[in-house]
Amino acid sequence: MAGQAKIVPPEPDGFLPLLLKDFRAPEGAFQPDGEWEGVYRLFLIGILDAPQYRNWRCHPAGALVLSRKIQPDGKFNLQVRFVAHQSLEAHARSFDYMEAEILCANEASSLLRFKRVSMQLTPKGEPIEGTRSELSGEATKDGLILRYAGRERKVKAPSSITCDWATFDLVQRLSQKLGGQLVRPEPKPLLEFALLEDLGFLRTEHRIFASEPLDVEVDGRKFRWRRFVQLGSGILPWTYCLDENHRLVLAYSGMRAYLYDPTAKSVLSLKGERGS
């Protein structure tokens, strides 16, 4: 039986009770700056077409798996696997698939080097001919070098660079650093950086701010989640929610949400998972 979720007080983001109704809280200790695996189910969020209803719907549309591995020199590798329907409809005709390996420094998850492979898959998980692409890059003292299809492009950046997948790691370590202290929202950002969106598009002037905590109740269990908000050029605002162990349990922006759910890993059993 589906659970019930409520937000206290009610949030302007009206989709949250629907999104969280089947949420199962992670158990056990968690070390953000150690080695871990985070599994998230992707939801596409929309409103039913008929304007008189204005009812939210949250459609399961894919999965994201992040694995953090520490290197002997203190840096860490972030391995990413991602698959998503191409539409809100359950009968989507194809999937987007991406896997990447990202080498980061611990300072604000600064991106050092990465390689990304992406493609489209059939509903049976078979790669669609002609859709595979590879992209790689590395940080320089004043920006990035991107390599694609035998070409090289240099991009200047005014500050340290991270990427959208590494922000999942970044907010967890930020929460760990803050510990149990209450961080009130204020105009001064906690972090500032440039963002490499989808490992291909540089967005500048990104900042992370503290936000009010989110009080959630699911099937009688109450949670208080710390929240951060990310603002910056080229993207809609992102909200990150973290539990008392500093584990990211929910991230959402616009029409997308990622909810912690280890069972979502089964979505990645598609044949194209290893880029074959």
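Helices (H or I, at least four residues) and strands (E, at least two residues) are taken as DSSP runs and numbered from the N terminus. The structure described here is a predicted model, in which local features need pLDDT of at least 70 and side-chain atom pairs count only at pLDDT 80 or more, while totals for chains, interfaces and linings use all residues. Residues are numbered from 1 along each chain as its sequence is written, and side-chain values use heavy atoms, with hydrogens and water left out.

Helix 2 covers residues 166-178 and is followed by glycine 179, whose phi is positive, near 65°. Burial was judged by relative accessible area, where buried means under 20%, exposed over 50%, and partly exposed in between (1.4 Å probe, protein chains only). Eleven of the 13 residues of helix 2 are buried, so the helix is largely enclosed by the rest of the structure. Among these buried residues are Ala166, Phe168, Leu170, Val171, Leu174 and Leu178.

Side chains of opposite charge can pair when their charged atoms come close. A salt bridge is a side-chain nitrogen of Lys or Arg within 4 Å of a carboxyl oxygen of Asp or Glu, and by this rule the count comes to 13 salt bridges. One of them lies in helix 2, where the side chains of arginine 173 and aspartate 169 meet with an N to O distance of 3.0 Å. These two residues are four apart in the helix and are therefore separated by about one helical turn.

In soluble globular proteins, nonpolar side chains tend to be buried together. A nonpolar core is defined as a set of buried Ala, Val, Leu, Ile, Met, Phe, Trp, Tyr and Cys residues joined through side-chain atoms within 4.5 Å. The largest such core has 71 residues, and those with the most contacts inside it are Ile102, Trp165, Trp225 and Leu250. With contact meaning heavy atoms within 4.5 Å, tryptophan 165 touches residues including Leu64, Leu78, Phe82, Ile102, Asp198 and Tyr258, not counting residues up to four places away in sequence. A second, separate core of eleven residues includes Val39, Phe95, Tyr97 and Leu121.

A disulfide is a pair of cysteine sulfur atoms within 2.5 Å, and a search of the whole structure finds zero disulfides. Cysteine 163 is in no disulfide, and the nearest cysteine sulfur, that of cysteine 104, is 5.8 Å away. Cysteine 163 is buried at 0% relative accessibility, and cysteine 58 is also buried, with a relative accessible area of 17%.

Serine 253 is found in strand 15 (residues 248-253). This serine is buried, with a relative accessible area of 9%, and touches Leu236, Pro237 and Trp238, not counting residues up to four places away in sequence.
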